[in-house]
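Subject: Structure for your review

Dear colleague,

Please find below the structure I am handing over to you, together with its sequence. My notes on it follow.

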Amino acid sequence: MSYYGGYGGYGGYGGDGSGAEEDVFVKTAVEIKRFLPSLFNIKVLGEKGSGLRPRGAVQDFNTLRRECLATGRLFEDPEFPANDSSLYFSRRPDRYIEWKRPMEIADNPQLFVEGFSRFDVQQGELGDCWLLAAVANLTMHPNLFFQVMPEDQSFDENYAGIFHFRFWQYGRWIDVVIDDRLPTCRGELVYLHSAENNEFWSALLEKAYAKLHGSYEALKGGTTCEAMEDFTGGVTEMYQMDQTPPNLFNILLKAFERNSLLGCSIEPDPNIVEAETPQGLIRGHAYSITLVKHVEIETPNQRGTIPLLRLRNPWGNEAEWNGPWSDQSPEWRFIPDHEKEELGLTFDMDGEFWMSFHDFTRHFTQLEICNLNPDSLTTDDISAGKKRWEMSVFEGEWVRGVTAGGCRNFLETFWHNPQYRITLEYPDDDDDKCTVIIALMQKNRRAQRRMGADCLTIGFAIYHLDYPERLPKPLDMNFFKYNASVGRSPAFINLREVTCRFKLPPGIYCIVPSTFDPNEEGEFLLRIFSENKNNMEENDEEVGIGEVDDRIINPTGDKNDQNGDNVREEPEQDRNNEKVREFFKKLAGDDMEVDWTELKDILDFAMRKELPQLAHHSEAHAPETVEGNSSFVDTLISLLCGIVCNNEQYNKPVETHDQGFSKDICRSMVAMLDADHSGKLGFEEFKMLWNDIRKWRAVFKLYDRDESGFLNAFELRQALNSAGYRLNNHILNILVHRYGTKDGRITFDDYIMCAVKLKTMIDIFRERDPDQTHTATFTMEEWIEKTLYS
């Protein structure tokens with residue numbers, strides 16, 4: 001479902017920070033709680049190329065139909081059984097419901113009787129007239145209709161009691177399989193049905209949509225927007241008629257030019273269900289708009305055009321508008337015959353009628369527009385003069401402690417949210433500004449489970465970038481502290497989708513989608529529609545190696561030489577190196593190499609809390625012989641720390657929670673520097689490793705301000721930046737999924753493992769990319785060797 005609460009515009013905020021302190025966001029909630037459907041056991045179309053792994057057994061229409069035909073049985077769907085659980089989730093039916101197949105309901109059942117049209121659809125007892133209005137709209141576009149209802153099925157050829165329908169969910173088309181057992185009472189269909197009693201396409205479509213949502217009852221409380229979006233993959237907008245922009249008819253004309261699906265309704269009477277107004281309109285009823293046009297008019301005194309709309313009541317009966325421009329009203333005598341012919345004007349009691357735009361805005365309270373994506377237009381549509389939207393799409397996620405930063409009310413974490421930079425170069429054809437529709441949809445992370453998911457409270461903000469080349473990627477906290485948004489979603493709300501239309505001057509903007517509160521996890525789809533071409537990219541860093549933080553290189557303010565280079569005070573370096581080599585030889589043996597078990601002993605000792613006291617021993621105080629409980633390892637570490645850890649920051653203890661390094665970390669450390677794949681490290685390699693660990697440990701201490709032994713995952717980007725690694729949100733998200741705790745924290749040893757893996761994979765890649773083209777080639781054998789051993 002989409003949410004619309006006003007026509008967004010350019011707020012005129014500059015980059016000087018005026019108004020930034022008042023940039024406060026508001027949280028609202030819907031009365032009827034909506035759930036994100038589960039896609040358990042449902043086939044995702046094009047899954048091989050979608051980047052998704054197969055989820056195991058899915059219901060494949062062709063496979064199931066072949067099995068039924070081979071065994072001579074009719075399909076019975078175990079995932080949506082013919083019982084009360086498929087009807088209601090909150091109560092039992094108030095009467096006896098009998099599930100029957102079409103041939104038990106009518107003679108000679110057919111999917112279509114003399115084709116399909118908007119007049120076929122009749123409402124049943126379920127309060128889902130919003131679904132009817134969307135279905136009626138769908139029938140007006142054959143290419144869209146057969147996208148939802150594939151043509152490879154019928155009651156004649158290869159009939160096996162199984163049908164399938166396709167709906168758009170979370171950015172992908174899915175295939176929903178059903179059997180044809182339908183709920184009836186006294187031999188008649190209870191819910192959606194066709195005007196012809198032996199036509200069953202609409203009843204089967206409704207059943208498939210009910211299965212997607214879990215039950216027929218779950219279809220209550222939806223909107224035409226939601227259904228139209230699921231039928232088309234388009235972007236929907238919702239307008240309250242008392243808050244519409246002055247150019248609304250122009251918006252409707254452009255929408256109709258682009259084959260958009262249009263629906264409208266009147267606020268229901270709380271005391272009377274579907275009450276009829278004196279003008280013949282039904283309150284709380286979903287109407288579809290089937291034509292928008294400036295109609296030529298000739299009166300005795302003047303000639304010109306008048307904005308008219310053609311609407312349809314899904315009941316398809318005599319309940320029609322009886323005001324000006326209604327059937328047989330006197331106004332039609334002023335319309336030339338050729339114009340009437342072009343309009344295809346008829347005056348039947350079919351639920352379809354005309355009214356002026358002025359009366360439409362007075363009598364209807366809500367308008368819904370579903371803007372189709374560019375792929376939905378056929379060559380015939382384009383030849384007929386239909387236009388298409390320009391669309392950009394990005395998928396992303398909010399991960400606890402990494403990219404789930406909450407809204408701008410939470411300034412310190414807001415900048416961690418995913419950011420998207422959009423360039424608008426060309427204004428609309430009839431304007432000096434650019435029309436932009438921004439749609440933020442949340443996805444069901446639990447799509448592989450049977451239950452649906454609650455909707456998070458979501459929204460977005462837009463910021464104008466005056467000098468983008470001077471700004472960091474991603475935008476940092478200081479930017480949001482001193483710059484106010486120039487546009488935003490009307491509110492943060494717990495709906496599947498939040499949509500808003502904006503008029504923005506050409507320029508470069510940054511869109512920040514977020515949940516209202518920090519640390520709320522979810523996946524999302526961000527779609528941008530514009531009249532002319534837009535360029536959109538993630539506003540994020542390029543993955544690679546950067547500079548190590550100066551606080552790590554020069555933690556104690558080392559002296560600089562006359563060229564400005566750091567001069568480290570490392571007295572007696574050469575003599576100590578020889579001493580360390582001597583002890584390393586005693587530990588490693590004649591081959592002067594240590595394996596992962598010996599490395600683990602060294603590192604576990606080095607990270608113990610006693611290290612600071614040992615580390616202060618200089619070479620002069622080190623005993624020539626090892627006595628008592630001491631060991632070569634103790635002495636070796638003391639000497640190493642005297643050489644490479646000769647400052648207070650590095651000598652602070654690091655909490656490893658008395659478990660030491662895992663064998664996987666130690667094996668990965670060996671693999672990182674083990675060029676000959678011997679499984680061991682020589683002395684020089686060990687010194688390089690120790691320098692890396694020393695740097696990583698210093699970074700950890702820099703951000704572990706409370707000395708808890710954990711990093712907040714929000715600090716992971718900054719910590720890895722300080723260590724010299726540049727990562728984007730995608731990499732950070734998977735690192736926290738892989739190495740983070742449930743509450744979004746990183747332990748010291750997991751942080752070290754993360755750093756080891758990063759260094760190893762970057763070094764492997766750079767070895768194959770000497771020209772820094774950001775591409776490398778590996779054979780299958782090389783790829784397996786490199787990834788397995790790392």
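The model is a predicted one, and the remarks below should be read with that in mind.

I begin with the domain annotation. In UniProt, an unreviewed entry places the feature "domain: EF-hand" at residues 691–726. In the model, this stretch of chain is 56% helix and 14% strand.

The next annotation concerns the active site. Under "active site", the unreviewed UniProt entry lists C129, H285 and N313. These residues span 185 residues in sequence, yet no two of their C-alpha atoms are more than 9.6 Å apart, so they gather at one spot. Two of these positions can be described further. C129 belongs to helix α3, which covers residues 129–138. Its relative accessibility is 9%, and because the cut-off for a buried residue is under 20%, C129 counts as buried. H285, by contrast, is found in the loop between β13 and β14. H285 is also buried, as its relative accessible area is 0%.

Strand β13 (residues 261–265) pairs with strand β14 (residues 286–298) in the antiparallel sense, over four bridges. Within this pairing, L262 has I289 of β14 as its bridge partner. Strand β14 also pairs with strand β15 (residues 303–312), again in the antiparallel sense, this time over ten bridges. Here S288 has R312 of β15 as its bridge partner. Together, β14 and β15 form a hairpin, with four residues between them.

Finally, I turn to the surface. Which residues form a nonpolar patch there? They are M761, M780, W783, I784 and L788, which together have about 550 Å² of accessible area. Helix α23 (residues 780–789) gives the most to this patch, with four residues. M780 is located in helix α23. With a relative accessible area of 62%, M780 is exposed, because the cut-off for that class is over 50%.

With kind regards

Conventions. Residues numbered from 1 in each chain as written. Predicted model: local features only at pLDDT ≥ 70, side-chain atom pairs only at ≥ 80, totals over all residues. Heavy atoms only, no water. Pairing = 2+ DSSP bridges. Helix = DSSP H or I, 4+ residues; strand = E, 2+ residues; numbered from the N terminus. UniProt positions renumbered as here; feature names shortened; annotations may be inferred. Buried < 20%, exposed > 50% of the residue type's maximum accessible area, 1.4 Å probe, protein only. Patch = residues over 30% accessible without salt bridge, like charges linked within 9 Å, V, L, I, M, F, W, Y side chains within 5 Å. Areas by Shrake-Rupley, 256 points an atom, 1.4 Å probe, with all protein chains shown as cover. Salt bridge = Lys/Arg side-chain N within 4 Å of Asp/Glu carboxyl O.
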